[in-house]
Amino acid sequence: MALQAASLVASTFAIPKEGKATVSFKDSNLFGVSLSDHVKADCSSSALRCKKEFRPRIGVVRAQTIATATPAIDRAAPGGKKTLRKGSVIITGASSGLGLATAKSLAETGKWHVIMACRDFLKAERAAKSAGMAKENYTIMHLDLASLDSVRQFVDSFKRSGRPLDVLVCNAAVYQPTAKAPSFTAEGFELSVGTNHLGHFLLSRLLLTDLKESDYPSKRLIIVGSITGNTNTLAGNVPPKANLGDLRGLAGGLNGLNSSSMIDGADFDGAKAYKDSKVCNMLTMQEFHRRFHEETGITFASLYPGCIATTGLFREHIPLFRLLFPPFQKYITKGYVSEEEAGKRLAQVVSDPSLTKSGVYWSWNKDSASFENQLSQEASDAEKARKVWELSEKLVGLA
Ligand code: LMG
Ligand code: NDP
Ligand code: PMR
């Protein structure tokens, strides 16, 4: 009763929009997780993006036991029918591009509640609204992968919410093709590898127990990879090519001071750093599979969703590139996919009952049928995967 009552309480708070107009968000407290609660938690984790005046002005009603109290499969439903509860999926970087399209695709089935783990709360809220996502189908939580403190705070808030975790999608990424000098995460790691790989590495390690405890029929950890990190393809041979070398830069902490900012120890190259980070993503997925699949039953997967040439990923590229890249991919390489189609592909990896095989790097053919793709030699090197895992553990403070 108390839980039901809590779920009906709607809290409204006002957020100043760029210092002028006022936007109101309603939070229905469905599933006992309050959006306003998250804004509060979020503010503590990012002084930069979440100003003081964003704090909710009214009290918060908590009802945290509802989600865990509901078994995944309810056999006692009327008529003896088995019913499956809504799946609970975290998607990082769901405020644009592939992440948003995937969130939308899953939300509109009505079978998933999407936790959109984003660094910009307002952007995510606007994106979810303009994608037409119904508010009972998503929750936005703050996560800045470029700060390991933020990752830890996100994990704490998520655990406190009492929600189960059935699927985790590591999707967010940054790409700095035109940067002349490296920039760094809060802990001083080169930004692309720090965000795309190390932030996700810590996040997935800390959330592994939650996935393990989920009673959902198929639980999955998905890390988005890419063709451009795979040198067994034409796209992967466009310079600069991914190459982790002997990992000396990673071992040195990627800080550009007493070590190189690049994994292989070479001079900084933003495009290469991104491709290297994707190799780390694909190696991490396989190492998770080797270490935990048998014991936990979790499906570990990676994928190349196709070339989504219109996303924000290319925001830092030169204007000429952004103009020519989509037609080049559409009419010449024919590797182009729309955000919507790519979102459907990733949504399949999240929920399709036929994609439960673990340790797989999924791709799609011209007819949009999925197949198990072959990774490059480096991206499937088990010894390198183990070394990347061990060095990453040290850098994020797990070992
Ligand atoms: C690097 O340059 C930079 O050095 C780095 O700093 C970073 O910015 C990085 O990834 C970002 O880019 C890479 C790039 C620069 O250089 C090259 O791509 C050189 C080409 C090397 C090719 C090696 C490939 C190995 C295999 C070759 C096999 C050849 C196969 C032929 C295939 C034919 C396809 C053409 O390049 C650029 O910045 C320009 C990128 C431009 C991409 C778009 C190309 C536009 C082509 C024209 C499109 C027109 C579209 C019209 C469509 C209408 C159709 C009706
Ligand atoms: P977008 O730039 O549209 O999306 C990237 C998302 O990551 C954004 O929501 C962005 O947030 C978020 N993000 C960036 N930095 C952080 C951070 N520090 N903390 C939290 N979130 C962050 O690009 P795509 O949708 O194209 O990229 C999604 C994934 O797809 C990436 O892993 C990319 O490598 C992969 N991919 C993309 C391909 C393509 O052709 N586009 C091809 C192959 C793989 P914000 O909205 O605030 O900027
Ligand atoms: Mg590539 C066969 C084709 C193919 C495919 C599927 C991609 C995907 N690209 C292909 C070919 C080529 N690209 C060729 C022949 C060239 C030389 C003209 C080329 C160039 C190119 C550049 C400069 N391509 C790029 C860039 C980028 O800056 C993108 C990148 O590397 O980001 C890391 C990119 C990409 N090409 C792709 C895909 C999917 C990307 C986006 C990157 C990713 O997310 O990994």
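Colleague: What share of the contacts in the protein chain with a separation of 6 or more comes from residues 24 or more positions apart?
Modeller: This is a predicted model. Among contacts in the protein chain with a separation of 6 or more, residues 24 or more positions apart account for 70%.

Colleague: How many helices and strands does the protein chain have, and what percentage of its residues is buried?
Modeller: The protein chain holds 12 helices and 12 strands. Its length is 399 residues, and buried residues make up 54%.

Colleague: How much accessible surface does the protein chain have, and what part belongs to carbon and sulfur atoms?
Modeller: The accessible surface of the protein chain is about 17,600 Å². The part belonging to carbon and sulfur atoms is 54%.

Colleague: Is Thr-195 buried or exposed?
Modeller: Thr-195 sits in helix 7, which covers residues 191-213. Its relative accessible area is 7%, and the cut-off for buried is under 20%. Therefore Thr-195 is buried.

Colleague: Which backbone oxygen does the side chain of Thr-195 reach, and which residues is Thr-195 in contact with beyond its neighbours within four places in sequence?
Modeller: At 2.7 Å, the side chain of Thr-195 reaches the backbone oxygen of Leu-191. Leaving aside neighbours within four places in sequence, the contacts of Thr-195 are Leu-145, Ala-146, Val-174, Thr-185 and His-200.

Colleague: Why does the span of helix 6 agree with what its 14 residues should give?
Modeller: Helix 6 runs over residues 148-161. At 1.5 Å a residue, the helix should span 20 Å. The span agrees because the end C-alpha atoms of helix 6 are 20 Å apart.

Colleague: Which residues of helix 6 are buried, and which residue follows the helix?
Modeller: In helix 6 the buried residues are Leu-148, Ser-150, Val-151, Phe-154, Val-155, Ser-157, Phe-158 and Ser-161. An α-helix has 3.6 residues a turn, so residues three or four places apart point the same way. After helix 6 comes a residue with a positive phi, near 80°, and that residue is Gly-162.

Colleague: Which classes of residue form the shell around ligand 1, and which helix supplies the largest share?
Modeller: The shell around ligand 1 has 12 nonpolar and two polar residues, with no charged residues. Its largest share is five residues, and these come from helix 10 (residues 319-333).

Colleague: Which atoms of Gly-93, Leu-145 and Lys-278 lie by ligand 2, and how much of the ligand is buried?
Modeller: Gly-93 has a backbone N or O atom 3.1 Å from an oxygen atom of ligand 2, and Leu-145 has one 2.9 Å from a nitrogen atom of ligand 2. For Lys-278, an N or O atom in the side chain is 2.8 Å from an oxygen atom of ligand 2. Taken alone, ligand 2 exposes 890 Å², and the share buried by the protein is 98%.

Colleague: Which residues come nearest to ligand 2, and how many residues of its shell are charged?
Modeller: Of the 32 residues around ligand 2, the nearest are Ser-95, Lys-123, Asn-171, Tyr-274 and Thr-311. By class, the shell around ligand 2 has 15 nonpolar and 11 polar residues, and the charged residues number six.

Conventions
Residues are numbered from 1 along each chain as its sequence is written. Chains are lettered from A and ligands numbered from 1 in the order in which they are written. Side-chain values use heavy atoms; hydrogens and water are left out. Helices (H or I, at least four residues) and strands (E, at least two) are DSSP runs, numbered from the N terminus. Buried means under 20% relative accessible area, exposed over 50%, partly exposed in between (1.4 Å probe, protein chains only). A polar contact is a pair of N or O atoms within 3.5 Å; within protein, one must be able to donate a hydrogen and the other to accept it, and residues adjacent in sequence count only if both atoms are side-chain atoms. Contact means heavy atoms within 4.5 Å. Ala, Val, Leu, Ile, Met, Phe, Trp, Tyr, Cys and Pro count as nonpolar, Asp, Glu, Lys and Arg as charged, and the others, Gly among them, as polar. The expected span of a helix is 1.5 Å times one less than its number of residues. A residue is near a molecule or strand if one of its heavy atoms lies within 4 Å of it. Accessible areas come from the Shrake-Rupley method with a 1.4 Å probe; for residues, only the protein chains shown count as cover.
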